[in-house]
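Dear colleague,

I am handing over the structure below, together with an account of what was found in it. Please read the notes alongside the coordinates.

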Protein chains: 2
Amino acid sequence: MDFTTSSRDVLAAGGAQLPPAPARTPSRAAPAPQCVGCGARQRCLPAGLSEHEARCLHAVTIGRRRVRKGQALYREGERFLFLYAVRFGTFKSTAMLNSGSDQVTGFHLPGDVMGFDATVSNRHPTTATALEDAEACALPYSQLTDACAEERSLRMQMLRLAGAELVRDQRLLALIAHTHSEQRVAAFLLSLSQRMRERGFSPSDFLLRMTRAEIGSYLGTTLETVSRSLSAFARRGFITVRRRQIHLADLDALRAEFETDLP
Amino acid sequence: MDFTTSSRDVLAAGGAQLPPAPARTPSRAAPAPQCVGCGARQRCLPAGLSEHEARCLHAVTIGRRRVRKGQALYREGERFLFLYAVRFGTFKSTAMLNSGSDQVTGFHLPGDVMGFDATVSNRHPTTATALEDAEACALPYSQLTDACAEERSLRMQMLRLAGAELVRDQRLLALIAHTHSEQRVAAFLLSLSQRMRERGFSPSDFLLRMTRAEIGSYLGTTLETVSRSLSAFARRGFITVRRRQIHLADLDALRAEFETDLP
DNA sequence: CGGGCCATTGAAGTATGTCAAAGTTTGTGG
DNA sequence: CCACAAACTTTGACATACTTCAATGGCCCG
């Protein structure tokens, strides 16, 4: 990890943590057979693997699951059989609280691999819901761990992806535990911007696929506070907001906002 | 995972999530050669593996590292070479914030395996410090992933341990994001109590190895609030506190406290 | 085109952070 | 072994960021 920028990537997705691809294949990951032509390939499971190394994925039968907006890819409590890699679209992960309400634990963009948290109990501890029409690859966990026997680099990639999620959660924890709400919202926007950039989208203009309430739940605050923070940023000229449409007019100002007065 | 009690194990350590041992060896995990005689064995890496399965750990040279109170086992930014399994003593994990102050990201008891968060970047993103004189096993990560080639169950155990930490962080996140400070402190005490029980210590009488400030940092609040919460519990007769010595007089009342008025 | 969801904004109440001071324990060095 | 210093904890008073409650308006989808 590049520690000089770590403070700016507080909420970066797991994929953002991957080291650069080996020099041999500088700008694109080696294609696993089923992955050829997938737009998310370079941020997904085969990322960073050589062609030879990715060959062991031949043995894995990868299914595709189309999910409509609002529908669940898997639900809390379901048996754990697959890891899921986002092909396109956006997902949220949620966990039910005692009270019955939902806590949002993550947002997932193309290339993200979901489901590592199910390895403990063989049940999914969260529900994954599509925030727009989306598609994911279903990776049979059993076959995947079998494939790991052959290729050391795949073994390490699996643990790396799990570790990436761990780091992401730790940073979110630090953010929520130690900053004020405006800084959290700023960090959220910066993180999303960075993830959009990494996926080839505009880092300064994008559509929020989640509601203010979902952002609030994720950041440990209320929808009103999120809305007020966005309005405050807009008033100060950092951003333009119109409903879900976000334009980041001054990324540096936003970064400064996020870095100020930490305890 | 047992979902009926999940709400009570909010902060449970990774080890707490392991499924029961196979019927063949009901009450003790199969010994890896170096692990024979280790008190933490049943909650550690070889937990749940059969004797045959644990044999592949032969090839792993396990070193022991003695650490005095206040000293670091590894530091943030150091190269990632080993996972560490706690033999005895208590550790805290901390990450430096922008401001230079430390955020506590976890407490680790015997049997806990630390370091999975380093798999992403090949650097430790946190510092592990002993809260009392302690000892840990250093597991060479490279050898460990090699050993995974042979044994499927070891591969799964590795991912399971990483996933356990993930679940723990997610629950802590939900706790901090969605509860008031007294509930967090109650949950912290309950979690510690549970972890003590799992390790064969008294679940109702134990010594806190961490300061109020460290608890506060971990729970996203201040040392004063932690102190006030403990005093409040004591005043209501749920617990007795004397400095670091804790006696849980009424576990059920504490659970009720923790479960009340979630949003 | 209408109903429901979503977002914005205001006003008021409150939990908790902050500042401060005193007491207690632990550790250290003479 | 004692004495002093440093670190930790407790408790109080005050300030404030944020939640809560409420009302309005806009947008989208059926």
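**Contact between the chains**

B:Arg152 forms a salt bridge with A:Asp146, in which the closest N and O atoms are 2.2 Å apart. Please keep in mind that this distance, like everything else in this message, comes from a predicted model. Between chain A and chain B the count is 2 salt bridges, and there are also 14 residue pairs in polar contact between chain A and chain B, with both residues at pLDDT 80 or more. On the side of chain A that touches chain B, the elements giving two or more residues are α2 (141–150), α3 (152–178) and α7 (251–259) of chain A, and the largest share of that side, 20 residues, comes from α3(A). Sorted by class, the side of chain A that touches chain B has 25 nonpolar, 18 polar and 10 charged residues.

As for the extent of the contact, 53 residues from chain A and 53 residues from chain B take part in it. The two chains, A and B, bury about 4,900 Å² between them, and 65% of this area is on carbon and sulfur atoms. Of the area that chain A buries against chain B, 15% is supplied by A:Val120, A:Leu159 and A:Leu173, which is more than any other three residues supply.

**Nonpolar cores and the make-up of chain A**

The largest nonpolar core has 66 residues, and those with the most contacts inside it are A:Phe188, A:Leu189 and A:Leu254 together with B:Phe188, B:Leu189 and B:Leu254. If neighbours within four places in sequence are left aside, A:Leu254 is in contact with A:Ala186, A:Leu189, A:Leu190, A:Phe233, A:Phe238, A:Ile239 and A:Leu248. There is also a second, separate core of 52 residues, which includes A:Cys44, A:Cys148, B:Leu45 and B:Leu57.

Chain A itself has 7 helices and 11 strands, and buried residues make up 59% of its 263 residues. Among the contacts in chain A with a separation of 6 or more, 72% are accounted for by residues 24 or more positions apart.

**Individual residues in chain B**

The side chains of B:Ser93 and B:His108 are joined by a polar contact of 2.6 Å. Not counting residues up to four places away in sequence, B:Ser93 touches B:Gln103, B:Val104, B:Thr105, B:Gly106, B:His108, B:Thr126 and B:Thr127.

B:Asn122, which lies in the loop between β6 (113–114) and β7 (127–130) of chain B, has a phi near 60°, a positive value in a residue other than glycine. Phi of B:Arg243 is likewise near 60°, again positive in a residue other than glycine, and B:Arg243 is found in the loop between β10 (239–242) and β11 (245–248) of chain B. Are these two residues buried or exposed? B:Asn122 is partly exposed, with a relative accessible area of 39%, whereas B:Arg243 is exposed, with a relative accessible area of 73%.

With best wishes

Note on methods:
Residues are numbered from 1 along each chain as its sequence is written. Chains are lettered from A and ligands numbered from 1 in the order in which they are written. This is a predicted model: local features need pLDDT of at least 70, side-chain atom pairs count only at pLDDT 80 or more; totals for chains, interfaces and linings use all residues. Side-chain values use heavy atoms; hydrogens and water are left out. A nonpolar core is a set of buried Ala, Val, Leu, Ile, Met, Phe, Trp, Tyr and Cys residues joined through side-chain atoms within 4.5 Å. Buried means under 20% relative accessible area, exposed over 50%, partly exposed in between (1.4 Å probe, protein chains only). Contact means heavy atoms within 4.5 Å. Buried area is the accessible area (1.4 Å probe) that two parts lose on being put together, summed over both. A salt bridge is a side-chain nitrogen of Lys or Arg within 4 Å of a carboxyl oxygen of Asp or Glu. A polar contact is a pair of N or O atoms within 3.5 Å; within protein, one must be able to donate a hydrogen and the other to accept it, and residues adjacent in sequence count only if both atoms are side-chain atoms. Helices (H or I, at least four residues) and strands (E, at least two) are DSSP runs, numbered from the N terminus. Ala, Val, Leu, Ile, Met, Phe, Trp, Tyr, Cys and Pro count as nonpolar, Asp, Glu, Lys and Arg as charged, and the others, Gly among them, as polar.
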